[in-house]
Amino acid sequence: MNLPVILDIAIGLIFIYLIFGVLASEIQSILTIILQWRATHLKKSIEELIAGDTHIGKNNSKSSIEIEKVQKLANSLYQNQLIKNLNYSGGKGPLEKGFRKIIQILGNLSRALTGINNIFDVEKTAPSAIPSDTFAASLIDTLKLQELMQMISEDKLRDFIDNILLNIKQILDKLKIEDSSQQKKIQAEFENLHQELNQNIQDYKNNLANLDLTLDRTLDKLDLYTKKSLELLPDKDSKEFNSQINLVKQVLKNPGERKVLVTKMEPSASNLLKFLREIMEMGKAAQTDLQNNKKEIHQKAIEMIELLPESLRKSLYILAKQATTKISETGNALHQFQKEIERWFDSGMERAAGVYKRNAKGVAFLIGVTIAIVANVDTLNMVDNLSKDSFMRATINSYSQKLINNNSNPNELEIGDIENQVNAALDDNLKLPIGWGQEQKNKTSVSQSITFLEGLKKILGWLISGIAISMGGHFWFNLLENIYSIKK
């Protein structure tokens, strides 16, 4: 057999694979829509990302509780408005609504037959893709991270201010001022300082000033208080007072100590997760004390602990540490943390995409083999027919070339049109070497039995065809196009 004949046989095979490859792609596309494979895979991938290695090789009560937390959090994320907005329902016309209803019925029927539960919780559908920035913002919003981070920062600022006021009060008590009128004036200045520093805290709480500005204002208030107090104190006490008050202000004036102070107090994810870890490690007595003195922040923290799986808490802590090392200035902590979550999500979804592609190839192979058996697309039988029939080879070759010249996108090719046009171009007694009718026609007797070796040959032919069909019409169209470009 010479090279042109072999090439014509190859073109004949590729052309038939192209027909059924497009058909297989359309079937897989329909199944993907009905069964929501993309959306389902995305939801499971997000659950696995949150779970980490919790589900791997474990079968204990702790693991079950953690998996339940993972699923609960994933469902909460999908109920977040940012993600719900991605679940487009399409047109609102009767035709679109009817189509969606049919899809839902078919999906419910398939789940009932297979015993697979709807993983979208209360929703019937879900988005098939979620941008990383949307996921990060939804996670932060669902866990109320920003709110609790701010509350912890406010609480640390209040503790810091209270500690300053306590130190100043102790300094004043040690002075033992005997003049009652002088003592009243000094006490009035101290109470005025107390009010002004509390106002600083309130302004920070109301987002009227950031942490750095609040600390600057605190230092300004302390400087003014020091100046007024020194004017009221007798000479014998003023030097000692000034020396002691400067020690109190040192943490605000020294750049190194100020930086450490800001790092401890700023609203950051690392500070939040440290706080949550401290609560979990506390004894019952300490937790009761915290609940009594800081009820609101304790309640919010407990709510987050109940919602946050241990695996995700560890992941977020690592991401928070990474974000901390990249922060260039105060106030960027949350933004940088969100960016780290986005990168973490992108990395996880990149791995998930690889899994989805492998699964899709497996489904494509099953569809391809099914089509090969149903339509009796037997590669070995087709090679045998094409090698013996020069007219069939020439006709398919001619139509294949026209197909390449007239079509630039295999996805636009209609299956029925392709086969009908080919059959019309052939003689009435000559059909494509596929189908069960063609098989019977070539037999000397309809009742002829199939030997064991012939059966194995048939199965092998189907498998080869199934693999080829599973590669899709786009692959074979491009290959056919390349062959004709080489022939030119």
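Biologist: In which hand does α7 pass α9?

Modeller: A crossing is left-handed if the near helix is turned anticlockwise from the far one by less than a right angle, and right-handed if clockwise; in this predicted model, α7 passes α9 in a right-handed crossing. Local features here need pLDDT of at least 70, side-chain atom pairs count only at pLDDT 80 or more, and totals for chains, interfaces and linings use all residues. Residues are numbered from 1 along each chain as its sequence is written, and side-chain values use heavy atoms, with hydrogens and water left out.

Biologist: Which residues of α7 and α9 make the contact?

Modeller: Taking contact as heavy atoms within 4.5 Å, α7 contributes Leu157, Phe160, Ile161, Ile164, Ile168 and Leu172, while α9 contributes Leu211, Thr214, Leu215, Thr218, Leu222 and Tyr225.

Biologist: At what angle do the axes of α7 and α9 cross?

Modeller: Two packed helices are described by the angle between their axes and the distance between the axes. With axes as lines fitted to C-alpha atoms over the stretch in contact, and angles running from 0 to 180 degrees between N-to-C directions, helix α7 (residues 145-175) and helix α9 (residues 211-232) cross at roughly 10 degrees, their axes coming within 12 Å. The two helices are therefore roughly parallel to each other, a term for angles under 35 degrees.

Notes
Helix = DSSP H or I, 4+ residues; strand = E, 2+ residues; numbered from the N terminus. Parallel < 35°, antiparallel > 145°, perpendicular 65-115°, else oblique.
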